[in-house]
Amino acid sequence: MAAGDSEQVRYCARFSYLCLKFTLIIYSTLFWLLGAFILAVGIYAEVERQKYKTLESAFLAPAIILILLGIVMFFVSFVGVLASLRDNLCLLQAFMYILGICLLIELVGGVMALIFKNQTIDFLNNNIGRGIQNYYDDLDFKNIMDFVQNEFKCCGGKDFKDWEKNQYHDCSAPGPLACGVPYTCCVRNKTDVANTMCGYKTIDQERLSVQHIIHVRGCTNAVLIWFLDNYSIMAGVLLGILLPQFLGVFLSLLYITRVEDIIAEHKLNETLLDGRQQKSETEFTGAGCCMCYPG
């Protein structure tokens, strides 16, 4: 190979190394900052939630989920930033493997949820049922459930009769809420003034007799049907979640390969340089001996 070609190959290798380095630094830094922001929002939300907290099962709170997500993103991305700045192979490999494992868990979890669809629906219904029991004690769940029931025109988890699990809506309970459902289950126009008692005495009725008063279908099925009807939106959301992680794994793999090539090239140059120095010293020593004799 000519000297010019060798220099061009070396320049291209160096340029690709720098491009990958800066790309990985920018990628890791963005997700590091995003993780810090999510963590800060989660901590703020949890501090606010603690002021009104009356429910013990805090693990289901959105604030806790945000905190856990923020911690994972912050520390994993920090490893990526540090590894790309220092060209540390151990940290780079750790960053790549952690991203790969997270991506694999998400893919396997999604496939398992589709394969065991009935069990997934039962799991969701059971968790919604436990949330309904503490509807008036857990403000996080209450706000989420009210939003879902209002937006998706549904009521309860499996159906509207799930609200009988709540102590205030149970048909044997005293008070005006007995045998009724929250007003977010009611059929109404957006311009109507909310009637908080519109679901009065509906739980013990048949579906057909109350379907003009309240939404009788469960929220689990309503949300799943919405997902199926809006598959393009869901595909975009999934790509938005999975693609950045795949990109991180791919960038890390390419960068690790370039760093390993540079390390190997550096070691080879050192070996050749040491060989030349030893050869020069040997020749110089031999020449010195000859110089001791007259010509």
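In this predicted model, the count of disulfides comes to 4. When the bonded cysteines of the chain are numbered in sequence order, their pairing reads 1-8, 2-5, 3-4, 6-7. Three of these links are set out below.

| Disulfide | S to S distance |
|---|---|
| Cys154 and Cys219 | 2.1 Å |
| Cys155 and Cys185 | 2.2 Å |
| Cys186 and Cys198 | 1.7 Å |

The link of Cys154 and Cys219 is right-handed, with 90° about the S-S bond. Cys154 and Cys219 are buried.

The disulfide of Cys155 and Cys185 has a torsion of about 85° about the S-S bond and is therefore right-handed. Cys155 and Cys185 each lie in the loop between H5 and H6, and the pair ties together parts that are 30 residues apart in sequence. Both cysteines, Cys155 and Cys185, are buried.

For Cys186 and Cys198, the link is right-handed, with 100° about the S-S bond. Cys186 and Cys198 each sit in the loop between H5 and H6, 12 residues apart. Cys186 is buried, with a relative accessible area of 5%.

Cys90 counts as exposed at 60% relative accessibility, while Cys102 is partly exposed, with a relative accessible area of 26%.

The largest nonpolar core holds 22 residues, and Met145, Trp163, Val181 and Ile214 touch the most other members. Helix H4 (117–133), helix H5 (139–151) and helix H7 (219–229) each supply at least two residues of this core. H5 gives the most, with 3 residues. Apart from its neighbours within four places in sequence, Met145 is in contact with Ile128, Tyr135, Gly156, Gly157, Trp163 and Cys219. Among these partners of Met145, Cys219 is also joined to Cys154 by a disulfide. A second, separate core of 15 residues includes Leu20, Val76, Leu92 and Tyr255.

With a relative accessible area of 40%, Met112 is partly exposed.

The salt bridges number 3. In one of them, the closest N and O atoms of Asp87 and Lys21 are 3.0 Å apart. This pair links distant parts of the chain, 66 residues apart: Asp87 is in the loop between helix H2 (62–86) and H3, and Lys21 is in helix H1 (residues 3–52). Asp87 counts as partly exposed at 22% relative accessibility, whereas Lys21 counts as buried at 12%.

The side chains of Asp146 and Lys142 also meet in a salt bridge, at 3.1 Å from N to O. Because Asp146 and Lys142 are 4 residues apart in helix H5, about one helical turn separates them. Asp146 counts as buried at 12% relative accessibility, and Lys142 counts as partly exposed at 22%.

Arg258 and Asp261 form a salt bridge through their side chains, at 2.9 Å from N to O. These residues, Arg258 and Asp261, are 3 residues apart in helix H8 (residues 231–291) and therefore separated by about one helical turn. Arg258 is buried, with a relative accessible area of 15%, while Asp261 counts as partly exposed at 38% relative accessibility.

Methods:
Residues are numbered from 1 along each chain as its sequence is written. This is a predicted model: local features need pLDDT of at least 70, side-chain atom pairs count only at pLDDT 80 or more; totals for chains, interfaces and linings use all residues. Side-chain values use heavy atoms; hydrogens and water are left out. A nonpolar core is a set of buried Ala, Val, Leu, Ile, Met, Phe, Trp, Tyr and Cys residues joined through side-chain atoms within 4.5 Å. Buried means under 20% relative accessible area, exposed over 50%, partly exposed in between (1.4 Å probe, protein chains only). Contact means heavy atoms within 4.5 Å. A salt bridge is a side-chain nitrogen of Lys or Arg within 4 Å of a carboxyl oxygen of Asp or Glu. A disulfide is a pair of cysteine sulfur atoms within 2.5 Å.
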